[in-house]
Amino acid sequence: MPTVESTATGTPATEPPAAETPGADEEPAATPDPSAPVTQLFYSSDVAELEGAWTLSQVYTNGETFDAVADAVTFTITFTLDPSELVDQAAYIHNQVYNLTGDLTFGVAAINDTLSADGLDGYRGSTSWSDFPQGKVMGEGKFYQQPGPATMRFQDVDDYGLFLDQLAAGAPADVDTTDRKLILGINNQGQLLLGASEEHLERPGKEGDWTYCLIFDKAA
């Protein structure tokens, strides 16, 4: 089994989860399908596509899509190299791995007033390399392959939620958006999806719908 080597600072070694290999009839498509629904994740997307700034375009929930209000949310994803290397002990292969952070900031005054009353200016999320279910050890000295969707854990979302009805006109106010662990990925149209589901939609072959999904366009 691969492990993460301890660093000089004494970071303990950890065991990565076993990658989930889809069955023959569940093999992720190698190329995106532009005709697919915007809420469908593209499981073969490159992790590098996630990095950068994104602006909220639409909110999907209860089977409906609502257009976001102007400047509703900006989502900025940053990559950092893990201070340890992934090591496949059997083959003695070293891979570097990426961790991600994500900053959600709001452009709606009422939301910012609610958060700032408690000293918050948005939400900070984090994703480890081990949160990518299709992770794969590559050749010696290369980067660990992190294709497709993952999950991201957010601070403070469980206390306040994501204010769907204020982000998009007509969106319902009664959707529970207090889950801290959200699904993160790219759709077939190159947009970023962030949301919650009762199913593990980040894993290829899983079927189900989103409880809600924020749809972002890449910022210019």
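1. A search through the whole structure turns up 7 aromatic pairs. Rings of Phe, Tyr and Trp (its six-membered ring) pair if their centres lie within 6.5 Å; planes under 30 degrees apart are called stacked, over 60 edge-to-face, and the rest tilted. Please keep in mind that this is a predicted model, where local features need pLDDT of at least 70, side-chain atom pairs count only at pLDDT 80 or more, and totals for chains, interfaces and linings use all residues. Residues are numbered from 1 along each chain as its sequence is written, and side-chain values use heavy atoms, with hydrogens and water left out.

2. Have a look at Y98 and F143: their ring centres are 5.1 Å apart and the planes meet at 10°, so this pair is stacked. Y98 belongs to strand β7 (residues 98-106), while F143 sits in the loop between β8 (123-127) and β9 (150-154), so the contact ties together parts 45 residues apart in sequence. Helices (H or I, at least four residues) and strands (E, at least two) are DSSP runs, numbered from the N terminus.

3. Y98 has a relative accessible area of 24% and F143 one of 36%; each is partly exposed. On this scale buried is under 20%, exposed over 50% and partly exposed in between (1.4 Å probe, protein chains only).

4. F106 and F163 make an edge-to-face pair, 5.9 Å centre to centre with 85° between the planes. F106 is in strand β7 and F163 in the loop between α2 (157-160) and α3 (164-167), so parts 57 residues apart in sequence are tied together. F106 is buried at 9%, and F163 is buried at 11%.

5. Finally, F75, F154 and F216 are linked into a cluster by ring pairs.
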